[in-house]
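Reader: I would like to go through the terms used for this structure and hear what each one rests on. Could you set each value against its cut-off?

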Amino acid sequence: QGIFVLGLPYALLHSGYSGLFLIILAAALCCYTGKILIACLYEENEDGQLIRVRDTYEDIANACCKKLSPKLGGIVVNVTQVMELVMTCILYLVVSGNLLSHSFPYIPMTEKTWFVIAFVTLLPCVFIKTLKIVSKLSQLCSLVHFIIILVVMTYCLTQIHQWSWAKFRLSIEFEDFLVSVGVIIFSYTSQIFLPALEGNMKNPGEFRCMLNWTHFFACVLKTTFALTAFLTWGEETKEVITDNLPSFLQTLVNLCLLTKALLSYPLPFFAATEIVYACISRGNHSNYRSPLFALGVRGSFLVLTLLMAMFIPHFALLMGLTGSVTGAAMTFLLPSLFHLKLKWKNLSFLEKCADISVFILGFLCSLAGIVCSIKGLLEVFG
């Protein structure tokens, strides 16, 4: 459950009844691509037992492209992953700076100064060495997220006398609908983290069951939250639903959102720095394996996200463009393509059709998102 959830009521405003269907469909598709991605980590041995022969998304890509080039697939996947993770980190930093400036408007400081303050609170991230620490921070992040959801939904339930299904649109505008599709799909994406997550589970055999239940509950929560918020505010629904709250609740929720954004940063930060560090230190270069060098990689990455957050104009549009390319690729295009390549002989006709359908859908979503983002950038730059 990411910050994207807070944009779901706004997505319903532009997609109407089709938005509710999209929330359910996106959950099913993301759950499916998560399963087929993990299936690509395994191969059958002579006894017909499944053995984990690959560890990462990169290993899967290399296995698919080994006839062209042994490392080509891994390079493409690593670049795509790092791009998406970097943009995610920058987004959290930008959100933190914006929330700080809105929470304390009476303090005469620019947004860039608030970015630096948020950056200082994130400095301990350079000392994170294991996924266990990240998981503890993610637990706290989930707790804060549920507090935010609870506050918003409790307020909405107090306004139940104002609810009306007439607020839902029957007709939709194509461009607005595409924005909604992007928000809904990218609120579920987690494929980048799944190989490491499955590899770190005490009982990897329970992975599919875990994925089913988490996506089911995510779907129920997203649908309930988006529906109650939209029925409360209707046409007045704002891009971030917390902006609709009365001022006395808005400050509380903004501080919770700030905490959530700061606690969300370590996961993509850790994943990106691990990929970069693994690529640099690969081979027999002992100089690149020292703890000091790893610290330098993390520190450089942290400073890079701050500089990009402060100096890239129109970040939201660039984020949309990058998300349309990397998000759709990592969530739909590559898992279905890799699954078809590695498991073609073992797949039934229906499974092949499912993979091809997901690939085509992912391609169309990516293409539409790119067109909309480029159009927005062209309008901004005149």
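Author: In this predicted model, the axes of helix α6 (residues 131-158) and helix α11 (residues 266-281) come within 9 Å and cross at roughly 160°.

Reader: Why is α6 called roughly antiparallel to α11?

Author: Angles over 145 degrees count as roughly antiparallel, and the crossing is at roughly 160°; therefore α6 is described as roughly antiparallel to α11. The crossing in which α6 passes α11 is left-handed.

Reader: Which residues make the contact of α6 and α11, and how do they divide into nonpolar, polar and charged?

Author: From α6 the contact is made by Leu 131, Val 134, Leu 137 and Ser 138, and from α11 by Pro 266, Leu 267 and Phe 270. These residues of the contact divide into 6 nonpolar and 1 polar, with no charged residue.

Reader: What makes the span of helix α7 (residues 174-186) agree with what it should be?

Author: With 13 residues at 1.5 Å a residue, α7 should span 18 Å, and because its end C-alpha atoms are 18 Å apart, the two values agree. The buried residues of α7 include Phe 177, Leu 178, Val 181, Ile 184 and Ile 185.

Reader: How do you know whether Asn 62 counts as buried or exposed?

Author: Buried means under 20% relative accessible area, and Asn 62, which is found in helix α3 (residues 57-64), has 15% relative accessibility, so Asn 62 counts as buried. Leaving aside neighbours within four places in sequence, Asn 62 is in contact with Pro 70, Lys 71, Leu 72, Gly 73 and Gly 74.

Definitions and conventions
Residues numbered from 1 in each chain as written. Predicted model: local features only at pLDDT ≥ 70, side-chain atom pairs only at ≥ 80, totals over all residues. Heavy atoms only, no water. Axes fitted to C-alpha atoms, helices over the stretch in contact; angles between N-to-C directions. Helix = DSSP H or I, 4+ residues; strand = E, 2+ residues; numbered from the N terminus. Parallel < 35°, antiparallel > 145°, perpendicular 65-115°, else oblique. Left-handed = near helix turned anticlockwise from the far one by under 90°. Contact = heavy atoms within 4.5 Å. Nonpolar A, V, L, I, M, F, W, Y, C, P; charged D, E, K, R; others polar. Expected span 1.5 Å × (residues − 1). Buried < 20%, exposed > 50% of the residue type's maximum accessible area, 1.4 Å probe, protein only.
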